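Trainee: Could you go through this protein with me, one piece at a time?
Mentor: Gladly; have the picture open and ask as we go.

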Amino acid sequence: MAASALLPTLPPVPNSSEKRKLERIRPLKPLPASAGSARAFILDASLDGFRIAHQEQLGAPGATLRFTLEWDGRVAHLECIVEWTEVQRIGKASYAKTLHHSGLRLESAPGESADVLRELIEHHVSRALNEQLANARGIPAIAAQSYQTGKGTQFILHELSNGIWGTMATTDPGQPANGFTVSLDLTEDEAAMLRAAFEAADAGQREMIRTMARLSISTPQGIPTRRYQP
């Protein structure tokens, strides 16, 4: 079962050609977790699964295990499938243990666990966006977060073509290749600020803006709004 089917707050996409995976995030430092009975550390994560470091064996590829993580005081109990395991460092001394990296595919996220995982992803995508946009000349990194207004059914598509922005009302939450789709509730000042940030951004930063826009319109509570104060 695909992870997207297990996280109902993600909006549907019109067709498979428009489907995009959410950004895979890499925490500033590995996040502690447990994989079955083994202690583990999250090296990177997405709504599809995780890459983790661990010392104890997890089982052969295809094995199912309970994966537990904590974020912001809340605990997520997830069911994952081991996809691969590689030896990173062999412990040679009598006291040293072998270090492994494994890839886990998310199979189910019951109850509030899906919300905890989404919040972890949103936090790190937001942080990465702020850091990247801080390098865009004249654009305050925090400005791009002012458009996060929560889930709805009416959106505005903003698309840049030949240096000119076009806008169109739509019910499709999909993100365009050269622009972004946000809530109809976005003010014109906020839209102008976000367009300016998009123009100043490089390819990686633009993808981060689209990721944040996708997240902002796919959750009922939205993402906490912060506004730039000069």
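Trainee: What does the side chain of His-54 make a polar contact with?
Mentor: In this predicted model, the side chain of His-54 makes a polar contact with the side chain of Ser-102, at 2.6 Å. The side chain of His-54 also reaches the backbone oxygen of Glu-56, at a distance of 2.7 Å.

Trainee: And where is His-54 found, in which strand?
Mentor: His-54 belongs to strand S3, which covers residues 49-54.

Trainee: Is His-54 buried or exposed?
Mentor: His-54 has a relative accessibility of 2%, and since buried means under 20%, His-54 counts as buried.

Trainee: Which residues does His-54 touch, if I skip those up to four places away in sequence?
Mentor: With those left out, His-54 touches Arg-39, Ala-40, Thr-85, Thr-98, Leu-99, His-100, His-101 and Ser-102, and Ser-102 is the residue whose side chain makes the polar contact I mentioned.

Trainee: Let's step back. How many helices and strands does the protein have?
Mentor: There are four helices and nine strands, and along the sequence they follow the pattern α-β-β-β-β-β-β-α-β-β-β-α-α.

Trainee: What percentage of the residues count as buried?
Mentor: The protein has 230 residues, and 47% of them count as buried. Its accessible surface comes to about 11900 Å², with 51% of that belonging to carbon and sulfur atoms.

Trainee: Now the inside: which residues in the largest nonpolar core touch the most other members?
Mentor: That core holds 32 residues, and those touching the most other members are Ile-42, Phe-50, Ile-52, Phe-67, Leu-69 and Leu-78. At least two residues of this core come from each of several elements, including strand S2 (38-45), strand S5 (74-89) and helix H4 (203-216).

Trainee: Which element gives the largest share of this core?
Mentor: Helix H2 does, with six residues.

Trainee: Pick one member for me. What is Phe-67 in contact with?
Mentor: If we leave aside its neighbours within four places in sequence, the contacts of Phe-67 include Ala-33, Ile-42, Phe-50, Ile-52, Leu-78, Cys-80 and Leu-104.

Trainee: What about Phe-180 and Phe-198, what kind of pair do they form?
Mentor: They form a tilted pair, with 5.9 Å centre to centre and 55 degrees between the planes. Phe-180 is in strand S9 and Phe-198 in helix H3 (residues 188-200), so to speak of the link is to speak of distant parts of the chain, 18 residues apart. Taken together, ring pairs link Trp-165, Phe-180 and Phe-198 into a cluster.

Trainee: Last one: is Ala-192 buried or partly exposed?
Mentor: Ala-192, whose place is in helix H3, counts as partly exposed at 34% relative accessibility. The C-alpha atoms of Ala-192 and Trp-165 are separated by 10.0 Å, although these residues are 27 residues apart along the chain.

Note on methods. Residues numbered from 1 in each chain as written. Predicted model: local features only at pLDDT ≥ 70, side-chain atom pairs only at ≥ 80, totals over all residues. Heavy atoms only, no water. Buried < 20%, exposed > 50% of the residue type's maximum accessible area, 1.4 Å probe, protein only. Areas by Shrake-Rupley, 256 points an atom, 1.4 Å probe, with all protein chains shown as cover. Phe/Tyr/Trp six-rings, centres within 6.5 Å; stacked < 30°, edge-to-face > 60°. Polar contact = N/O pair within 3.5 Å; in protein donor to acceptor, adjacent residues only side chain to side chain. Contact = heavy atoms within 4.5 Å. Core = buried A, V, L, I, M, F, W, Y, C linked by side-chain atoms within 4.5 Å.
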